[in-house]
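Please keep the sequence and the structure in view while reading.

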Amino acid sequence: MEMKLERLAKSKDRKVRELYDRLVEGVRAVLNRADWRAYLDMLARFRQYSPANVALILAQKPDATWVAGIRTWNSLGRRVKPGEKGIMIFAPTLRKVTVREETTDLETGEIRVVEREEEILVGFHVTHVWDVSQTEGKPLPEPPRFTGRVSGDQAARWLWDRLLAVSPFPVACGELVKLANPYALGEFHPGTGEIRLHPGLEGDQGLRTKVLLHEIAHGLAYRLGLDGQEYRKTLGREVAYQRGEAIAEGAAYIAASHFGLDTSGYSFEYVAGWVRDAEKLLEWGEAVQRVARTLIKLVESAGEKAA
Ligand SMILES: [Zn+2]
């Protein structure tokens, strides 16, 4: 009996691994699409401005959307329209300095002097950027259209009922639910451990089940110590966020597929939009699979309860 259970567990891990590989392939295929490549290439050219500069930009041009310096605009085949006033921001002033360091060779006791160049921040200077509306020329690449759909209504219903029965996190759904972020389809609140689903999901059982899986995956990642404050400290806010979304959606895709609900049309594009580079997904693969296995076990425990 024990042997049999062990073999069963091993084959389950292999299935999770196979579904994870399928996810990586799917995300790669999305990222290789021409419309995605053009758009991501454009995103890479726009820099992230500091919160202080974002405030400055919005104070001077409240409707600003895409903001960049003149060289970036020119590289995208656009130029600043005659007479347009630049938006003032602050840029760091860096100066190259030579740093001398003494190191002692532990074996010979010899002291060596090593010199290296380093850039140090000596202050800030004013520079100008322009919003896309102040430029003209080649149109910017459109954001890729999100085509995703979740198929398999029966599996979705079956999974939905089980998820509601076993979710370790209370689930608020229905027409009266309000989300902190109105553009999100669902939210997991680490503080209260509560999940909220967007009221607009009521009519779409497939997508609603997918979103619930995603939010439970967020919760499980927190519980397992695979997501949280410490990742924000070590990776920075942005990358930590990308990682958290890749884990939640990746695990949701794997668990959904395991139970016969195909979310690939949605999940591949969603993960691609966050990771933007398939290599990152490989780096986070262990965490994706661990949350997926936990999610599958959780759903299976609903069957045990019912029996
Ligand atoms: Zn999420």
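The model is a predicted one, and the values below are computed from it.

Helix H8 (237-258) has 22 residues. From its first C-alpha to its last it reaches 32 Å, close to the 32 Å expected at 1.5 Å a residue. The largest nonpolar core of the model has 46 residues. Those with the most contacts inside this core are Ala 217, Ile 247, Ala 251, Ala 255, Val 291 and Leu 295. At least two core residues come from each of the helices H1 (2-31), H5 (153-166), H6 (205-223), H8 (237-258), H9 (264-275) and H11 (285-306), and likewise from strand S8 (194-197). H8 gives the most, with 9 residues. Which residues does Ala 255 touch, leaving aside its neighbours within four places in sequence? They are Leu 213, Ala 292, Leu 295, Ile 296 and Val 299.

A second, separate core has 9 residues, among them Val 67, Val 80, Val 129 and Trp 130.

**Domains**

The chain is divided into domain 1, made of 2-33 and 145-306, and domain 2, which covers 42-137. Their C-alpha centres lie 37 Å apart.

**The sheet**

Three strands, in the order S1-S4-S3, form an open sheet with antiparallel pairing. Strands S1 and S3 are the edge strands, and each pairs on one side only. S1 and S4 pair in the antiparallel sense over 2 bridges. In this pairing Val 67 stands opposite Asp 131 of S4. The residue ranges of the three strands are listed here.

| Strand | Residues |
|---|---|
| S1 | residues 67-68 |
| S3 | residues 87-104 |
| S4 | residues 111-131 |

Helix H3 (residues 51-60) lies across S1 and S3, and runs at about 165° to S3.

**Gly 69**

Gly 69 sits in the loop between S1 and helix H4 (70-75). Is Gly 69 buried, exposed or partly exposed? There are 18 other C-beta atoms within 10 Å of Gly 69; a buried residue would need 20 or more and an exposed one 12 or fewer, so Gly 69 counts as partly exposed. Gly 69 and Ile 254 are 185 residues apart along the chain, and their C-alpha atoms are separated by 42 Å.

Note on methods:
Residues are numbered from 1 along each chain as its sequence is written. This is a predicted model: local features need pLDDT of at least 70, side-chain atom pairs count only at pLDDT 80 or more; totals for chains, interfaces and linings use all residues. Two strands pair if DSSP finds at least two bridges between them. Helices (H or I, at least four residues) and strands (E, at least two) are DSSP runs, numbered from the N terminus. Two residues are in contact if their C-beta atoms, placed from the backbone, lie within 7 Å. Axes are lines fitted to C-alpha atoms, for helices over the stretch in contact, and angles run from 0 to 180 degrees between N-to-C directions. Domain bounds come from an automatic or database domain assignment. A nonpolar core is a set of buried Ala, Val, Leu, Ile, Met, Phe, Trp, Tyr and Cys residues joined through C-beta atoms within 7 Å. The expected span of a helix is 1.5 Å times one less than its number of residues.
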